[in-house]
There are 2 protein chains.
Amino acid sequence: MRSENEASGQKPRSFIEQARRAQIMASAIEVIAEVGFAKASLALIAKHAGISKGVISYHFAGKDELMEQVVDHVYSGIADFVLARMEGESTATGLLRTHLLTVAEHMRDHRVQLMALGEIFHNLRLPDGSPRYGITANEELYESLERIYRFGQSTGEFRRFDTRVMAITHSSAVDNMFAYWAAYPEHDLDAHARELVEIFLRAVR
Amino acid sequence: MRSENEASGQKPRSFIEQARRAQIMASAIEVIAEVGFAKASLALIAKHAGISKGVISYHFAGKDELMEQVVDHVYSGIADFVLARMEGESTATGLLRTHLLTVAEHMRDHRVQLMALGEIFHNLRLPDGSPRYGITANEELYESLERIYRFGQSTGEFRRFDTRVMAITHSSAVDNMFAYWAAYPEHDLDAHARELVEIFLRAVR
DNA sequence: CTAATTTTTGGCCATGCGGTCAGAAAATGA
DNA sequence: TCATTTTCTGACCGCATGGCCAAAAATTAG
């Protein structure tokens, strides 16, 4: 989303600043994936990175900003990868198949990042106690999936159905494919994704 | 699972004991549903129940036991309700439809219980830091869903497919139907469930 | 009624948390 | 080289947590 010298903000980040932020985010991802969100304290993240705890406070406004940066980083990594692969597709069927297979392929190489993403997603809360990212944070994803399904309906590839329910179901199938594979690493991710293609293509036909 | 005087354990629970445990569990459910697992402290649960914090320690071995009792209680509530409704069904198609519709019906009347269940499921950890209930806690559910799908395959109602992937997808569709409705209470739960029936029956046909 | 037992209270404890800060160290620039 | 700025350290703060316990209160038994 942000290249490196946005017109909006203040001075550009120094080299050290960028490197430290990246290092701290990477450490946070690894710690969260290993011990879970609740036990991923700043002290532990700092220790794992081999730095003093104060450095995190120096480079980030607080724990919440660090977590949000991690989410942005990991999430845009997925989006960039998947959207690039979908660009060539012209049919709704092709878009659907490519989306499912590409997401699975990306998961294979980003296990810890996605585990951390899920932990933060489920646990981070605003100061008032309400979830920072709840289901409501999926709205953008739901809308882009609905666009594919409506496109398929408009071309006659797909039957009529509630596109919102289909998008929710699709999204949850992908999330749980990852969660299952994260718990059982020997599970065949690609085969799972191919099964999902079959399931959803039959469901919409 | 446990009626009221199991042969296994020690002395039966006194009346006061049972009442207090039920009261504390109910309070825990409401507090967790409202402020989330992380902020649901024993102090808050006690205050919400109008009792002193020490009472909880007196009636439960610790916070973990309280949480596990809540999970057992809510979970067996679902299982009892859904299994009773499924008893009359003789076809795999009927079992599948009944399962989806009955789960949705149960959700409608047990919003806070299920919100609390989800919070505990996602957040409770063993002393060593590993999840108390992860995806692996779904094994029993997956197996019972797989039994339905394999039954349908054996009668020729359903095509051949990977029953494990189907069970995971089915289970996640139900979980997210609830999560979406919990976030958007005006969402039509019954219509959602009927869409799921359509989706899965087409997927297996 | 009295003694024994169960239950409740409210304060206390050690622990770990996120965040802050003064000063040391390192990098930068003239 | 030396002054200035950036970066880092390690100690410290206030706070909330889960758990503990002595004593009070309530209940039960004889």
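In this predicted model, A:Arg21 and A:Glu65 are joined by a salt bridge in which the closest N and O atoms are 3.2 Å apart. The domain assignment of chain A places residues 13-60 in domain 1 and residues 63-204 in domain 2, and the count of salt bridges between these two domains is 1. Polar contacts across the interface of domain 1 of chain A and domain 2 of chain A number 3 residue pairs, where both residues of a pair are at pLDDT 80 or more.

On the side of domain 1 of chain A that touches domain 2 of chain A, the elements that give two or more residues are α1 (15-35) and α2 (42-49) of chain A. Of the elements on that side, α1(A) gives the most, with 7 residues.

The extent of this interface can be described in several ways. Although the C-alpha centres of domain 1 of chain A and domain 2 of chain A lie 27 Å apart, 15 residues of domain 1 of chain A are in contact with 16 residues of domain 2 of chain A. The area buried between domain 1 of chain A and domain 2 of chain A is about 1,400 Å², and carbon and sulfur atoms give 81% of that area. Within the area that domain 1 of chain A buries against domain 2 of chain A, A:Met25, A:Ile29 and A:Phe37 supply 45%, which is more than any other three residues supply.

In general, two copies of a chain are related by a rotation about an axis and a shift along it. Here, chain A is superposed on chain B by a rotation of 180 degrees with 0.0 Å of shift along its axis, at an RMSD of 0.1 Å, and the two copies are therefore related as by a two-fold rotation axis. The C-alpha of A:Ala203 is the one in chain A nearest the axis, at 2.4 Å from it. Both copies are served by the same surface, in that 100% of the contact residues of chain A recur in chain B.

B:Arg164 is found in helix α8 of chain B, which covers residues 163-183. With a relative accessible area of 15%, below the 20% cut-off, B:Arg164 is classed as buried. Once its neighbours within four places in sequence are left aside, B:Arg164 is in contact with A:Tyr180 of the other chain, and with B:Glu139, B:Tyr142, B:Glu143 and B:Glu146.

Conventions. Residues numbered from 1 in each chain as written. Chains lettered and ligands numbered in written order. Predicted model: local features only at pLDDT ≥ 70, side-chain atom pairs only at ≥ 80, totals over all residues. Heavy atoms only, no water. Least-squares fit on C-alpha atoms with pLDDT ≥ 70 in both. Contact = heavy atoms within 4.5 Å. Helix = DSSP H or I, 4+ residues; strand = E, 2+ residues; numbered from the N terminus. Buried < 20%, exposed > 50% of the residue type's maximum accessible area, 1.4 Å probe, protein only. Domains from an automatic or database assignment. Buried area = accessible area lost by both parts, 1.4 Å probe. Salt bridge = Lys/Arg side-chain N within 4 Å of Asp/Glu carboxyl O. Polar contact = N/O pair within 3.5 Å; in protein donor to acceptor, adjacent residues only side chain to side chain.
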